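This report sets out the fold of one protein chain, from its overall dimensions to selected residues.

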Amino acid sequence: MNIPMVDLKGQYETLKTEIDSAILQALGETRFILGPNVQAFDQEAAVYLGANHAISCASGTDALHLALLAAGVQCGDEVITSAFTFIATAEAIRYIGATPVFIDIQPGSFNIDPDKIRAAITAKTRAILPVHLFGQPADMDEIQALADEFGLIVVEDCAQSFGSRYRGKTTGTIGAVGAFSFFPSKNLGCYGDGGMVTAADEDTAKQIIMLRNHGSSQQYHHDVIGFNSRLDELQAVILRIKLRHIDDYNRKRLAVAQRYNRLLAGSRFQTPAIPDDRDHVFHQYTVLCDERDAVREAITAKGIACAVYYPIPLHRQKAFGHTEQPELPVTELTSSRCLSLPIFPEMTEQQIETVCEAVLGA
Ligand SMILES: Cc1ncc(COP(=O)(O)O)c(C=O)c1O
């Protein structure tokens, strides 16, 4: 049995009637830029998340860039973040001329280690950028407490954590700003690129609304140099429909992860912990093991997809001057041992068991 990492086709089939008719309606209306579906999605996403403001944009990478700019990060500033993430997290910091300062992650959670933040703070530090990796919220109380102590801004990378909650609050509503990605394979994904920024205060939200649309809040009046970074109307149509199902999708992802944990318990694979003070949405299900590459090859040969997120941490990437960077032992060890297994809401019991048989037999 071939098992993919995600089954976008299967999910589309279940939503086809609704999506096709809503797309046809939007095509008929021809309001393609900042049209009614974009406006409605921004409102509906804000209500769902409990965010004061939600402003959609063209991608998760743009969302991070706009969030950092609107939050006041400037050229020459330092931003403390994780090296165990997708490159966009730190690329966005560099777009502004600021410097990503990479610190280590916690063993097991894949998230930034708050105990390592204090030592990395300098006179130039302006922000802390935690990533809620794989759908698990980072230790936001500890991070926010440090930010308050040193007058820093917290920018949340929620690209993988739509709908996850930390002590009752959704990720993206805890720091000053949050950045989301709607890349197709994300737990809330559209059918192309898409992103969104959440903001706690109105002035920041107004900045983001201007920045995503050429620095303009009134047509042909440009207050600042902005960008062309609007969510596409057709993507907004899809996201509005999928948003109605996100709780169900996230619940099903958690159920798959719990089943995996039971089937892999006691094996040589270290399974992800499911903490009780936060809701993990399992955008990815990632285990740790020795001889990871051999396991990967063995299960791939049986038709089971798997992926290594992330084989080279950012502080070892050429783009970030890999030779001058500090050692981050937990990050480096995790990069050599991590393996992500298929996870999607429509996954069947049979598929989960087939994956586990292949993994345990590898
Ligand atoms: C942690 C993280 N940050 C940022 C991004 C960037 O999002 P996008 O691909 O929508 O630009 C991604 C997407 O892969 C991501 O996983």
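The sections below go from the whole chain to its domains, its helix contacts and some local features of the backbone.

## Overall architecture

The model is predicted. The chain holds 12 helices and 14 strands. Along the principal axes, its C-alpha atoms occupy a box of roughly 65 × 55 × 35 Å.

Buried residues account for 50% of the 362 residues. When contacts between residues at least 6 apart in sequence are considered, 69% of them join residues at least 24 apart.

The chain is divided into domain 1, which comprises 8-104 + 111-243, and domain 2, which comprises 246-361. A distance of 24 Å separates the C-alpha centres of domain 1 and domain 2. To the contact between them, domain 1 contributes 28 residues and domain 2 contributes 28 residues.

On the side of domain 1 that touches domain 2, at least two residues each come from α1 (8-29), β3 (99-103), β6 (165-166) and α8 (233-243). By class, this side of domain 1 has 13 nonpolar, 10 polar and 5 charged residues.

## Helix α2 against helix α8

Two packed helices are described by the angle between their axes and the distance between the axes. For helix α2 (residues 36-49) and α8, the axes come within 8 Å and cross at roughly 35°. The crossing of α2 with α8 is left-handed. From α2, the residues in contact are Asn37, Val38, Ala40, Phe41, Glu44, Ala45 and Tyr48; they meet Glu233, Ala236, Val237, Leu239, Arg240 and Leu243 in α8. This contact of α2 with α8 comprises 9 nonpolar, 1 polar and 3 charged residues.

Is Phe41 buried or exposed? It counts as buried because 26 C-beta neighbours lie inside 10 Å, and the cut-off for a buried residue is 20 or more. Leaving aside residues up to four places away in sequence, Phe41 touches Ser56, Ala236, Leu239 and Arg240. Phe41 and Arg296 are 255 residues apart in sequence, with a C-alpha to C-alpha distance of 39 Å.

## Helix α9 against helix α12

The axes of helix α9 (residues 246-264) and helix α12 (residues 349-361) come within 10 Å and cross at roughly 35°. The crossing of α9 and α12 is right-handed. The contact involves Val256, Arg259, Tyr260, Leu263 and Leu264 of α9, together with Ile352, Glu353, Cys356 and Val359 of α12. By class, the residues of this contact of α9 with α12 are 7 nonpolar, no polar and 2 charged.

## The surroundings of helix α4

Helix α4 (residues 88-95) has Ala88, Thr89, Ala90, Ala92 and Ile93 as its buried residues. These buried residues of α4 pack against α3 (60-71) and against the strands β2 (78-82), β3, β4 (125-129) and β5 (153-157). Just after α4, Gly97 adopts a positive phi of about 90°.

## Loops and backbone geometry

His214 is placed in the loop between α7 (202-211) and β10. Phi of His214 is near 60°, a positive value in a residue other than glycine. With 16 other C-beta atoms within 10 Å, His214 is partly exposed. Ser216 belongs to strand β10 (residues 216-218) and also counts as partly exposed, with 16 C-beta neighbours inside 10 Å. Ser216 touches Met210, His221, His222 and Gly226, not counting residues up to four places away in sequence. Although 10 residues separate Ser216 and Gly226 in sequence, their C-alpha atoms are 7.6 Å apart in space.

Glu291 lies in the loop between β13 (285-288) and α10. Its phi is near 50°, again a positive value in a residue other than glycine. Glu291 counts as exposed because it has 12 C-beta neighbours inside 10 Å, and the cut-off for an exposed residue is 12 or fewer. The peptide bond from Tyr309 to Tyr310 is cis, with omega near 10°. Tyr310 is located in the loop between α10 (292-301) and α11 (329-337).

How values were computed
Residues are numbered from 1 along each chain as its sequence is written. This is a predicted model: local features need pLDDT of at least 70, side-chain atom pairs count only at pLDDT 80 or more; totals for chains, interfaces and linings use all residues. Axes are lines fitted to C-alpha atoms, for helices over the stretch in contact, and angles run from 0 to 180 degrees between N-to-C directions. Helices (H or I, at least four residues) and strands (E, at least two) are DSSP runs, numbered from the N terminus. A crossing is left-handed if the near helix is turned anticlockwise from the far one by less than a right angle, and right-handed if clockwise. Two residues are in contact if their C-beta atoms, placed from the backbone, lie within 7 Å. Ala, Val, Leu, Ile, Met, Phe, Trp, Tyr, Cys and Pro count as nonpolar, Asp, Glu, Lys and Arg as charged, and the others, Gly among them, as polar. Domain bounds come from an automatic or database domain assignment.
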